[in-house]
Amino acid sequence: MRIRSVLALTLLVTLACSEPTASPSSLVTTPAAALLPPWSYNGPKVPFPGQHSELLDVNDRGHMVGFAGDDAVLLDLHGGTYWLNKAGGTRAEARAVNASAAAAGWVYGTWQNPAIWLRPTSAPILRPEFGWVWDMNDRAEAVGSINVNGVYQAFYWEATTGTFTVLPMPRGATWTQATGINNDRVVVGLSGSGGVMWRLRSTGWVVTRLKGIDPWAVDAGYGTVGTDRNGRPAWGNPHLARIMGAGGIANGIHPGGTISGGMSAVLYGTMDAFVADRSGAITFLPAPAGAQGAQAYNSATCGLVVGSSYNPAIFANQAVYWDPGC
């Protein structure tokens, strides 16, 4: 996914029961994506040593995106590093990549603009508002948050058509942030009054409050991952279904079901990167030598996992990926 945003740090957890609730998914609980034993992940790779960096997403073709220093980057496991065009800006970050290697995130010029790169070598498509893209599906439909008259609100954006919609806020919320979207246009996110889900109906977008989970990502159905209201990694279906540790966060979920995140033995402690399935089977991933903790952000079907670790020598996170032989 990572302290995923300033909004997350200020999240209010009051749950209003007057809103409708989403129906649970009937998805199977056995992941199609790889959940490999710990020895498969020996030797984490550090692609940008000595630089403040993170790898935040990966697709099944081995394309990994994130940032290194002030630059957004797409790293191809099978060859090639692409520094994404900043359109004259001074900083950029890629937070999501889809099956076609389109990337999404933000570019900072006069201010921070939501951005989509349809190809690794193309100039970004920018929105004029202050904000960011947090996730994007295989249709190049992106979600995130923008500042609307001083209030951060979630949005849905089709870069290829220009369609842009500010998503409705649940009753009583003071802000919203969309954090995940799947290929069925199911969108999840956070609000000033708890986790939410948006679904597109014939009458427009409908917002639903989620029970017990603040989601960071959504799978191919209604499966959500994030944290419970006590700061512990959690999986929902879409409401809270399982807690996976004493502290930490579940950042991402592969369409096949593999969950990625960081887990600590105590609440707000140093985290260890992990992948897990919905049944609770967990594989902890080794951190680079000298690192103080790590967390995983997402995974590919072959078992490739991306994330970051804290490097005390540079007082910052450093990008990491774990490759079992993809």
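In the predicted model, D71 is partly exposed, with a relative accessible area of 26%. The side chain of D71 meets that of K86 in a salt bridge, with an N to O distance of 2.8 Å. Since D71 belongs to strand β3 and K86 to the loop between β4 (81-83) and β5, this pair ties together parts that are 15 residues apart in sequence.

This contact is part of a set of eight salt bridges in the structure. Another member of the set joins R91 to D70, whose closest N and O atoms are 3.7 Å apart. R91 is located in strand β5 (residues 91-97), whereas D70 sits in the loop between β2 (63-68) and β3 (71-76); the pair therefore ties together parts that are 21 residues apart in sequence. Both partners count as partly exposed, R91 at 39% relative accessibility and D70 at 42%.

A further salt bridge is formed by the side chains of D214 and R229, at 3.0 Å from N to O. Distant parts of the chain are linked by this pair: D214 lies in strand β17 (residues 213-218) and R229 in the loop between β18 (224-228) and β19 (233-236), 15 residues apart. The accessibility classes of the two residues were also assigned. D214 has a relative accessibility of 3% and counts as buried, because the cut-off for that class is under 20%. R229, in turn, is partly exposed, with a relative accessible area of 22%.

Strand pairing was examined next. Strand β13 (residues 176-181) is mostly covered, six of its six residues being buried. Five bridges connect β13 with strand β14 (residues 187-191), and the two strands run antiparallel. Within this pairing, T176 has S191 of β14 as its bridge partner. The hairpin of β13 and β14 has five residues between the strands, and R185 in this hairpin adopts a positive phi near 65°.

An open sheet is made up of three strands in the order β25-β26-β27, with antiparallel pairing. Its edge strands, β25 (294-299) and β27 (316-322), each pair on one side only. On average, and with direction ignored, neighbouring strands of this sheet are turned by 25° against each other. Seven bridges in the antiparallel sense pair β26 (residues 305-311) with β27. In this arrangement, G307 stands opposite V320 of β27.

Terms used. Residues are numbered from 1 along each chain as its sequence is written. This is a predicted model: local features need pLDDT of at least 70, side-chain atom pairs count only at pLDDT 80 or more; totals for chains, interfaces and linings use all residues. Side-chain values use heavy atoms; hydrogens and water are left out. Two strands pair if DSSP finds at least two bridges between them. Helices (H or I, at least four residues) and strands (E, at least two) are DSSP runs, numbered from the N terminus. Axes are lines fitted to C-alpha atoms, for helices over the stretch in contact, and angles run from 0 to 180 degrees between N-to-C directions. Buried means under 20% relative accessible area, exposed over 50%, partly exposed in between (1.4 Å probe, protein chains only). A salt bridge is a side-chain nitrogen of Lys or Arg within 4 Å of a carboxyl oxygen of Asp or Glu.
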